[in-house]
Amino acid sequence: MGIIEVPVVIVGGGPAGIATAGCLNKLKISNIVLERDDCHASLWRKRAYDRLKLHLGKDFCSLPHYPFPSDFPNFVPRVDFLRYIDSYIAHFDIAIKYNCSVHSAFIYESSGKWRIHVNNNFSCAAEIYVAEFLVVATGENSEEYIPKVDGLESYEGEYMHCSKYLNGRDMYGKNVLVVGCGNSGMEIAYDLSNWGAYTSIVVRSPVHYFTKEMVYAGMLMLKHLKVEKVDKILVFMSKMKYGDMSKYGLKRPKEGPFALKIKGGATPTIDVGCIKKIKKGKVKVFPGISSIQKGTVVKFVDGQHAHFDAIIFATGYKTNVLKWLKDYKELFNENGMPKPCYPNHWKGEHGIYSAGFSRRGLEGISFDAKKIANDIYLTLNSRIDF
């Protein structure tokens with residue numbers, strides 16, 4: 001079993017880990033990124049639907065010290081975003097070890113350093129990394145989350161998490177239910193309808209919905225106006241464009257979109273055309289699921305029931321931190337999220353940091369990466385004896 005010592009170990013080769021490594025390399029601080037998959041940015045590369053684009057303008061989505069190319073569209077498609085990530089890695093000469101699943105990470109009492117035990121899935125060898133600083137960059141979206149639904153285990157149709165959905169080509173003529181009305185749920189419902197599926201969507205709670213241009217305008221306004229003012233403008237714009245959607249099953253929250261995001265990380269839904277489909281009856285809205293009965297019959301909380309050939313759960317992700325980080329209480333709570341709230345969520349004691357847990361997307365990742373790299377740099381340089 002080899003022991004490898006490096007100042008900083010970063011667990012996770014998604015945008016958060018890559019951005020942190022880039023910032024560290026810019027400051028000439030040696031580090032290594034450990035990635036369990038055989039590629040970087042696997043969520044974007046392997047678990048994203050074909051038509052996915054960045055929902056915010058590229059000005060708010062670039063990684064630190066490396067803006068998007070000027071010829072990229074404002075709302076960057078998935079393929080172009082992956083090209084950008086590849087270019088970022090090459091530009092900052094980032095070292096990533098693939099096929100490395102972290103089995104455990106803990107503070108070694110005799111040295112006070114972190115020991116990270118790794119299973120190399122390619123060579124089947126066990127490795128140990130020793131580091132003074134540990135960056136947890138596995139993020140909020142490590143593992144797919146499908147809620148418990150009464151009767152789901154006996155459902156006779158096809159069901160999947162949205163991470164397995166590419167497009168609706170094979171769903172033509174089928175009755176398909178999408179569970180979840182966030183960005184993925186709404187866009188997948190729109191895509192399914194375009195492919196000829198008889199599409200329905202579960203909307204359990206009030207939701208804000210805007211065009212991507214509205215949200216982009218809101219982000220720009222936030223630089224000059226208070227959140228309350230921007231929220232009022234955006235809600236007014238949404239009402240003017242979409243009208244009253246309550247009769248179709250869509251209700252708006254009482255709090256404004258950016259206030260909700262700041263409060264709990266809830267992101268407003270970007271409409272790419274699904275609202276129009278709902279108005280035309282091409283996508284039907286149901287409330288929450290009560291149970292699944294008689295093989296493929298879904299019963300809803302309002303008493304309605306319908307037959308569905310397939311169910312797609314656009315119900316988000318959860319972290320996997322508690323599965324491998326033994327000394328997690330230095331920074332994380334029992335839900336695998338940082339104990340401190342934003343903007344103080346990125347640093348714990350004894351050299352542990354978190355990147356990609358701010359619930360603020362790529363802009364939050366950039367914030368985390370710069371903060372972490374600068375803090376490690378200051379810590380190391382404070383020891384220099386002048």
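**Reading charges, loops and a helix**

Guide: Glu-5 and Lys-113 form a salt bridge, with their closest N and O atoms 2.7 Å apart. This is a predicted model. The general idea is that side chains of opposite charge can pair when their charged atoms come close.

Visitor: Which parts of the chain does the pair of Glu-5 and Lys-113 tie together?

Guide: Glu-5 belongs to strand 1 (residues 2-5) and Lys-113 to strand 6 (residues 113-120), so the bridge ties together parts 108 residues apart in sequence. Glu-5 counts as exposed because its relative accessibility is 54%, over the 50% cut-off. Lys-113, at 27%, counts as partly exposed.

Visitor: How many salt bridges does the structure hold?

Guide: The structure holds 14 salt bridges. One of them joins Lys-212 to Glu-213, and there the closest N and O atoms are 3.6 Å apart. Both partners are partly exposed: Lys-212 has a relative accessible area of 28%, and Glu-213 has 45% relative accessibility.

Visitor: Which residue does Lys-263 meet in a salt bridge?

Guide: The partner of Lys-263 is Glu-255, at 3.1 Å from N to O. Lys-263 is exposed, with 64% relative accessibility, while Glu-255 is partly exposed at 33%. Salt bridges can also be linked in a network, as they are for Asp-37, Asp-38 and Lys-46.

Visitor: Which lysines gather in a patch of positive charge on the surface?

Guide: That patch is made up of Lys-241, Lys-247, Lys-276, Lys-279, Lys-280 and Lys-282. A residue needs over 30% relative accessible area and no salt bridge to be part of a patch. Take Lys-282 as the case to look at: its place is the loop between helix 8 (274-279) and strand 15 (283-286). With a relative accessibility of 51%, Lys-282 counts as exposed.

Visitor: Is Arg-47 buried or exposed?

Guide: Arg-47 counts as buried because its relative accessibility is 17%, and buried means under 20%. Arg-47 sits in the loop between helix 2 (42-46) and helix 3 (78-92). To see what surrounds a residue, look at its contacts, setting aside residues up to four places away in sequence. On that basis Arg-47 touches Arg-36, Ser-42, Asn-141, Ser-142, Glu-144, Ser-163 and Tyr-317.

Visitor: Where is Ala-266 found, and which residues is it in contact with?

Guide: Ala-266 is in the loop between helix 7 (257-264) and strand 14 (269-270). Apart from neighbours within four places in sequence, Ala-266 is in contact with Pro-257, Leu-260 and Lys-261. With a relative accessible area of 43%, Ala-266 is partly exposed. Distance along the chain and distance in space should be read separately. Ala-266 and Arg-359 are 93 residues apart in sequence, and their C-alpha atoms are 7.9 Å apart in space.

Visitor: Which residues of helix 5 are buried?

Guide: First, the general idea: an α-helix has 3.6 residues a turn, so residues three or four places apart point the same way. In helix 5 (residues 212-221), the buried residues are Met-214, Val-215, Tyr-216, Gly-218, Met-219 and Met-221.

Visitor: What covers the buried residues of helix 5?

Guide: The cover includes two strands, strand 13 (209-210) and strand 14. It also includes helix 6 (227-242), helix 7 and helix 10 (361-381).

Terms used:
Residues are numbered from 1 along each chain as its sequence is written. This is a predicted model: local features need pLDDT of at least 70, side-chain atom pairs count only at pLDDT 80 or more; totals for chains, interfaces and linings use all residues. Side-chain values use heavy atoms; hydrogens and water are left out. Patches are made of residues with over 30% relative accessible area and no salt bridge: like charges are joined within 9 Å, nonpolar side chains (Val, Leu, Ile, Met, Phe, Trp, Tyr) within 5 Å. Accessible areas come from the Shrake-Rupley method with a 1.4 Å probe; for residues, only the protein chains shown count as cover. A salt bridge is a side-chain nitrogen of Lys or Arg within 4 Å of a carboxyl oxygen of Asp or Glu. Lys and Arg count as positive and Asp and Glu as negative; His and the chain ends are not counted. The place of a charge is taken as NZ of Lys, CZ of Arg, CG of Asp or CD of Glu. Helices (H or I, at least four residues) and strands (E, at least two) are DSSP runs, numbered from the N terminus. Buried means under 20% relative accessible area, exposed over 50%, partly exposed in between (1.4 Å probe, protein chains only). Contact means heavy atoms within 4.5 Å.
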